[in-house]
Amino acid sequence: MKTIGKTIREIRLIKGMKQKDFSDFTQAAIANIESSRKNITLNKLISILDDFKMSLREFEYIRNDYALSPTDNLFLDFTNVKNSVDREQGDKLLEQISSHLEENPADFIAYCLYVVEDVVLKITAQNSYEVDSPEAFKIWSILYGRTAWTYQEVYIMSKLFFVFPVELGTSMIERIEREMANYVDFLKDIHFDATFYTNVGKYYAHKRQFELGRKYLKLALPLCEKYDRVIIENDVHAYLAIIDYLEGNKDAEIEVLDCVDRFYSMRKPALAKDLEGDWNTFFKEKVLI
């Protein structure tokens, strides 16, 4: 990784700027910073980035020779696994995370990502959301007492809450919502609020908390339409129909099966089989209330 001063010089030359062109620095001051003869505070770096019209995130990317840090790279790879049933991607990512942790055992974010993938594997293997994950409880115990969470920590907890009992899960959901409010616009292309609300709705459907399930699914629906997330939107419609069915509307089964067919029409057979499996295993033969 280059020094901050060397990176400033590199970007200045890219932008065709001279050392005298900065708002809050003399030419001599910039020369000292670029040659690392003088340290720079964060506030002064932000001033330089304002002159560059550049974010700190991009600056660090350039400083790291146009590459993400290993942890950021793992995290973005994780967010780009489009669904939990894609085990080919998931298994490959698990190998990457395991290799990274062997070299960086103290990397908390990488450890959390490993736990999330491990939970997904357990759910798939046991065909049940009632899985044992002491590691997930460990992560919660670490984060619970913190006054605030980072974006990565919010995202991770949005993928872990559903393995907890409903009373604790509800407290976690409320905390995730509060923390998420600070970050909804941070990485807009991930749109994890739509996924989170959908997962919360599905969680409450499995826990037979139908009013809460419907509430969160209805929060997800306009976000899916706004972001054009048609796969998540189809899941939302399926689970809204499942709740209707469990509340006594037998005709809602037609909508559930239609959502299964839509996944097949989208050429997403793994998602179709996953929804169909959930329907047959957890809902179809249950006594209607």
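Predicted model: local features only at pLDDT ≥ 70, side-chain atom pairs only at ≥ 80, totals over all residues.
I started with the aromatic side chains and found ring pairs joining Phe 75, Phe 78, Tyr 151, Tyr 155, Tyr 183, Phe 186 and Phe 192 into a cluster. For pairing, I took rings of Phe, Tyr and Trp (its six-membered ring) with centres within 6.5 Å. Searching the whole structure gave me 23 aromatic pairs.

Residues are numbered from 1 along each chain as its sequence is written, and side-chain values use heavy atoms, with hydrogens and water left out.

Next I looked at the whole chain. I counted 15 helices and zero strands, taken as DSSP runs (H or I, at least four residues, for helices; E, at least two, for strands) numbered from the N terminus. Along the principal axes, the C-alpha atoms fill a box of roughly 80 × 40 × 35 Å. Of the 289 residues, 46% count as buried, that is, under 20% relative accessible area with a 1.4 Å probe, protein chains only; exposed is over 50%, and partly exposed lies in between. I also checked contacts (heavy atoms within 4.5 Å): among those between residues at least 6 apart in sequence, 62% join residues at least 24 apart.

Then I turned to a helix pair. The axes of helix 11 (residues 192-206) and helix 13 (residues 230-246) come within 10 Å and cross at roughly 20°. That makes helix 11 roughly parallel to helix 13, the term for angles under 35 degrees. On the helix 11 side, the contact uses Ala 194, Thr 195, Thr 198, Lys 202, Ala 205 and His 206. Helix 13 brings Ile 232, Asp 235, Val 236, Tyr 239, Ile 243 and Leu 246. I sorted these residues into seven nonpolar, three polar and two charged; Ala, Val, Leu, Ile, Met, Phe, Trp, Tyr, Cys and Pro count as nonpolar, Asp, Glu, Lys and Arg as charged, and the others, Gly among them, as polar.

I finished with two single residues. Thr 71 sits in helix 5 (residues 70-79) and counts as buried because its relative accessibility is 18%. Leaving aside neighbours within four places in sequence, Thr 71 contacts His 100, Asp 107 and Ile 109.

Met 1 lies in the segment before helix 1 (4-14) and is exposed, with a relative accessible area of 61%. Not counting residues up to four places away in sequence, Met 1 touches Arg 63 and Asn 64. I also noted that Met 1 and Glu 60 are 59 residues apart in sequence and 9.2 Å apart in space, C-alpha to C-alpha.

Methods. Axes fitted to C-alpha atoms, helices over the stretch in contact; angles between N-to-C directions. Parallel < 35°, antiparallel > 145°, perpendicular 65-115°, else oblique. Phe/Tyr/Trp six-rings, centres within 6.5 Å; stacked < 30°, edge-to-face > 60°.
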